Amino acid sequence: MEKARISDVPQMHQLINYFADKGEMLARSLSEIYENIRDYLVVRQSEQVVACAALHVSWSDLAEIKSVAVAEDSQQQGIGTQLVEACLNEARELGIATVFCLTYKPSFFEKFGFSQLDKMELPRKVWVECYRCPKFPDCDEVALIYHLDVGV
Ligand SMILES: CC(C)(COP(=O)(O)OP(=O)(O)OC[C@H]1O[C@@H](n2cnc3c(N)ncnc32)[C@H](O)[C@@H]1OP(=O)(O)O)[C@@H](O)C(=O)NCCC(=O)NCCS
């Protein structure tokens, strides 16, 4: 697992949008991935990107885990777990107390200790992206939140 490189973006785009087309996660444009490339971790196997995930900082006490995707052939091997744990560790290192995600797979995140909350409880700032989403305002993703002990 490593930080994404700019040359990974076309493969990350393909991976995310493969699952987005199946309705399993939100689509991302190339532009969004390029602009946020420093948020992303990837797992490569023989030069192929087989998984990715992003941690995006929203505010002093809030970050979001986004775009967790593991290629079908590489699932059920703990890669998704490693990516989420790495994102949580990065949030902890940054001193960010709360991490949230919006997902269609709440049970995957609940295993880490995330708990569900009403989307309306998330700060308005994180809705900026939602306004651009074709599904807005009828979002059917589930919001989950995780509190880190960052000693504040
Ligand atoms: C959801 C997703 C990210 C999970 O990724 P993954 O790499 O398969 O996840 P893991 O392997 O860490 O965990 C999945 C399961 O494999 C099990 N597992 C973990 N390591 C394992 C190993 N070494 N051997 C066998 N099984 C293992 C886990 O216990 C877990 O069990 P569960 O099915 O009972 O929950 C992946 O299925 C995916 O990309 N889906 C499409 C996109 C998507 O839905 N993303 C959701 C976030 S928006």
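Start by selecting Gly78 along with the ligand: one of the ligand's oxygen atoms lies 2.7 Å from a backbone N or O atom of Gly78 (a polar contact is a pair of N or O atoms within 3.5 Å; within protein, one must be able to donate a hydrogen and the other to accept it, and residues adjacent in sequence count only if both atoms are side-chain atoms). Before you click on, note that this is a predicted model, where local features need pLDDT of at least 70, side-chain atom pairs count only at pLDDT 80 or more, and totals for chains, interfaces and linings use all residues. Numbering runs from 1 along each chain as its sequence is written, and side-chain values use heavy atoms, with hydrogens and water left out.

Next, pick Thr81, where a polar side-chain atom lies 2.5 Å from a ligand oxygen. On its own the ligand exposes 920 Å², and the protein buries 67% of that (accessible areas by the Shrake-Rupley method with a 1.4 Å probe).

Seven strands make an open, mixed sheet ordered E1-E2-E3-E4-E5-E7-E6, with two strands counted as paired if DSSP finds at least two bridges between them. At the edges sit strand E1 (2–3) and strand E6 (115–117), each pairing on one side only.

Three bridges link E4 to strand E5 (residues 98–103), and the two run parallel; select Ala63 and its E5 bridge partner, Val99. E4 is also joined to E3 by seven bridges, this time antiparallel, and His56 has Glu64 in E4 as its bridge partner. E3 and E4 form a hairpin with two residues between them.

Last stop: strand E2 (residues 40–45) and strand E3 (residues 48–59), antiparallel and joined by six bridges. Highlight Val42 and its partner in E3, Cys52. This is a hairpin too, with two residues between the strands, and Ser46 in the turn has a positive phi of about 45°.

Definitions and conventions: Helices (H or I, at least four residues) and strands (E, at least two) are DSSP runs, numbered from the N terminus.
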